[in-house]
Amino acid sequence: MIDALPFSTALISTATVALAEIGDKTQLLALLLAARFRRPWPIIAGIAVATVLNHAVAAWAGSAVAHWLQPDVLRWVVAASFILVALWTLKPDTLDEDTPIATRSAFMASTVAFFIAEIGDKTQIATVLLAARYVPLWEVVVGTTLGMLLANVPVVLLGSRFANRLPLVAARRAAAAVFLLIGLWVALRGVG
């Protein structure tokens with residue numbers, strides 16, 4: 001299975017977050033930043049920096065929780081959490097009106113806005129759960145960051161024209177199915 005492949009943790013993390021990010025509020029934020037600043041590379045760099053920082057903290061938290069809980073408790077907490085994220089993924093996101101984007105540069109605006117928007121977001125929670133389930137931790141962070149970039153870079157580069165053509169309902173359903181399958185897998189096989 002995929003767990004036996006080299007960098008399987010990174011691959012699983014990348015696919016999971018890339019699917020979950022489609023139609024997410026941070027993808028809408030990427031579109032807003034692209035329309036506002038029209039400078040794609042500083043925006044992409046800001047997204048990358050914010051995601052690495054945010055997801056490194058989230059992955060560390062997931063890893064710490066995995067060490068604190070008994071294996072049987074952790075198994076059911078992680079399984080139930082993935083299933084809840086699957087249900088949450090089916091709900092369309094909207095960009096909050098109070099999401100801050102005004103700072104001095106496209107890079108700073110993107111970094112600050114993305115970091116704040118990711119707090120408590122389903123992709124951050126997915127990162128916590130992935131880190132509780134998979135090792136090594138650095139592959140989770142690299143994978144979730146790549147997943148965020150895979151979903152957001154095309155939006156930044158191609159702007160609203162591309163975003164309007166995304167099949168968001170199908171993408172949300174696919175992401176929900178991935179989370180559900182991971183949750184069921186953890187329930188059946190455990191986290192170790």
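Helices here are DSSP runs (H or I, at least four residues), numbered from the N terminus. This is a predicted model, so local features need pLDDT of at least 70 and side-chain atom pairs count only at pLDDT 80 or more, while totals for chains, interfaces and linings use all residues. Residues are numbered from 1 along each chain as its sequence is written, and side-chain values use heavy atoms, with hydrogens and water left out.

**View 1. Ala34 in helix 2.** Start with Ala34, which sits in helix 2 (residues 25–37). Ala34 counts as buried because its relative accessible area is 10%, and buried means under 20% (1.4 Å probe, protein chains only). Leaving aside residues up to four places away in sequence, Ala34 touches Ile43, Val155 and Val156; a contact means heavy atoms within 4.5 Å. Ala106 is 72 residues from Ala34 along the chain, and their C-alpha atoms are separated by 8.9 Å.

View 2. Now look at Ile47: setting aside residues up to four places away in sequence, Ile47 touches Ala30, Ser110, Phe114, Leu149, Asn152 and Val156.

**View 3. A cis peptide bond at Pro136.** Val135 and Pro136 are joined by a cis peptide bond, with omega about 0°. Most peptide bonds are trans. Pro136 lies in the loop between helix 6 (122–133) and helix 7 (137–163).

Methods:
Helix = DSSP H or I, 4+ residues; strand = E, 2+ residues; numbered from the N terminus. Buried < 20%, exposed > 50% of the residue type's maximum accessible area, 1.4 Å probe, protein only.
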